[in-house]
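Hi everyone, thanks for having me. Let me put it on the screen.

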Amino acid sequence: MQSNERLGIRKNLWNRKILDRRFLTVIYSYVSQRPGQTIMPTLFQRIFLTILLVIVTASLWVTSRPDMSEVGIPYAEEAPANSQLRVRWLGVATLLFDDGATQIMTDGFVSRPSALNLLFKRPIAPDIEAITDAIDGQKINRLAAIMPVHSHYDHAMDTADFARMTGADILGSLSTANVARSSSVPEAQIKIVNIGEPYSYGRFTITFYPSKHAPLSTNIGISGSVEEPFTLPAPYTVWQEGQSYSIHIEHPEGNALVQGSAGYIPGTLSGISVDAVFLGTGGLIDMTPEYMSDYIDETVHALAPSQVYIIHQDDFFLGEFGDVEQSKIKLSFDQTFAINLLQSVLPARLMQMPFGVDVSLTDVPIGKQNTDIK
Ligand SMILES: [Zn+2]
């Protein structure tokens with residue numbers, strides 16, 4: 001889709017006749033300090049100027065695209081010091097829940113292999129140093145359970161090593177279990193979950209409901225299951241989706257739903273009520289209005305939350321762990337889409353979370369850089 005978009009841009013450039021010979025002649029006259037003379041650029045000069053124009057136009061286009069701070073979705077403020085139940089977003093769909101005694105985490109994806117490794121299907125493996133740094137830097141020292149929303153590499157790739165290094169249980173599908181076995185996680189730490197069954201850790205209760213992956217073209221070829229453990233490093237395609245889940249997290253201080261991918265199964269979540277929904281928004285901008293409306297009905301309105309936090313909007317192909325800006329080439333949000341989503345989740349408040357900052361699950365003041373939608 002990205003290359004189609006780029007092709008479209010190139011086509012536009014041709015259509016706009018930017019490469020008109022006279023235009024090039026003027027530029028060349030200027031560059032060669034011979035104003036007024038009509039000079040026919042050589043083929044080499046034409047190619048050079050064409051490339052230059054494409055680069056300049058593409059750069060201008062990319063820099064004109066909005067940052068996540070500019071799309072109009074307010075940021076949640078940091079939790080007050082006395083907050084009993086905190087949630088910290090660590091990029092993509094990684095969320096660390098902490099009640100002061102117990103931590104549980106979704107995904108735990110920090111490795112972020114480069115776009116080229118993915119494009120050429122080069123073998124990749126969890127970045128142990130990045131995982132160690134995340135454990136130390138984010139003070140992940142009471143982790144009891146870790147559960148990927150599905151088994152794609154951008155969710156489940158590092159789950160096993162987080163579990164290995166912290167002693168946490170891994171909860172998930174058979175595919176997730178096989179991913180864990182590939183990293184030699186002891187069997188005692190691997191729990192293949194049953195749909196609808198509650199799993200308790202400290203004061204947290206975690207329940208898994210079946211869901212679907214967002215219908216993205218990038219899902220083609222990775223929508224199967226991980227049938228058996230594999231040897232690392234391996235191309236990203238070994239991390240097949242397996243079962244996708246909506247994860248319901250209950251706690252005496254507040255309840256949440258983590259919806260990692262923008263998919264749903266009609267009726268699955270009715271009867272559950274939560275304070276907050278962590279809403280997967282990757283690719284949602286490209287869905288039809290009908291799809292988006294159904295998705296919001298099934299994953300937000302059915303649960304009547306007061307807060308909805310967007311997740312999975314960041315560009316995990318570029319940048320290290322901690323860089324959570326959206327892709328400027330393939331936007332997750334522009335201002336129009338942000339307003340649509342803000343309005344479609346009403347009466348819940350739509351917010352985004354700053355990276356690595358604890359937010360209170362239940363009592364969430366809106367930050368200063370907000371745009372209030374009435
Ligand atoms: Zn996925």
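Let's begin with Glu250: it has 17 C-beta neighbours inside 10 Å, so it counts as partly exposed. A residue needs 20 or more such neighbours to be buried, and 12 or fewer to be exposed. Please keep in mind that this is a predicted model.

Where does Glu250 sit? You'll find Glu250 in strand β9, which covers residues 244-250. Leaving aside residues up to four places away in sequence, Glu250 touches Thr205 and Asn255. Now look at Arg203: along the chain, Arg203 and Glu250 are 47 residues apart, yet their C-alpha atoms are separated by 8.3 Å.

Next, a pair of helices. Two packed helices are described by the angle between their axes and by the distance between those axes. Here, helix α5 (residues 128-137) packs against helix α7 (residues 159-166) at an angle of about 55 degrees, and the axes are 10 Å apart. That angle makes α5 oblique to α7. The crossing of the two, α5 and α7, is right-handed.

Which residues meet there? From α5 we have Ile128, Ile131 and Ile135, and they meet Asp161, Phe162, Met165 and Thr166 in α7. Sorted by class, this contact of α5 with α7 has five nonpolar residues, one polar and one charged.

Finally, let's zoom out. The protein has ten helices and 14 strands. Of its 374 residues, 42% are buried. And among contacts between residues at least 6 apart in sequence, 69% join residues at least 24 apart.

Definitions and conventions:
Residues numbered from 1 in each chain as written. Predicted model: local features only at pLDDT ≥ 70, side-chain atom pairs only at ≥ 80, totals over all residues. Helix = DSSP H or I, 4+ residues; strand = E, 2+ residues; numbered from the N terminus. Contact = placed C-beta atoms within 7 Å. Axes fitted to C-alpha atoms, helices over the stretch in contact; angles between N-to-C directions. Parallel < 35°, antiparallel > 145°, perpendicular 65-115°, else oblique. Left-handed = near helix turned anticlockwise from the far one by under 90°. Nonpolar A, V, L, I, M, F, W, Y, C, P; charged D, E, K, R; others polar.
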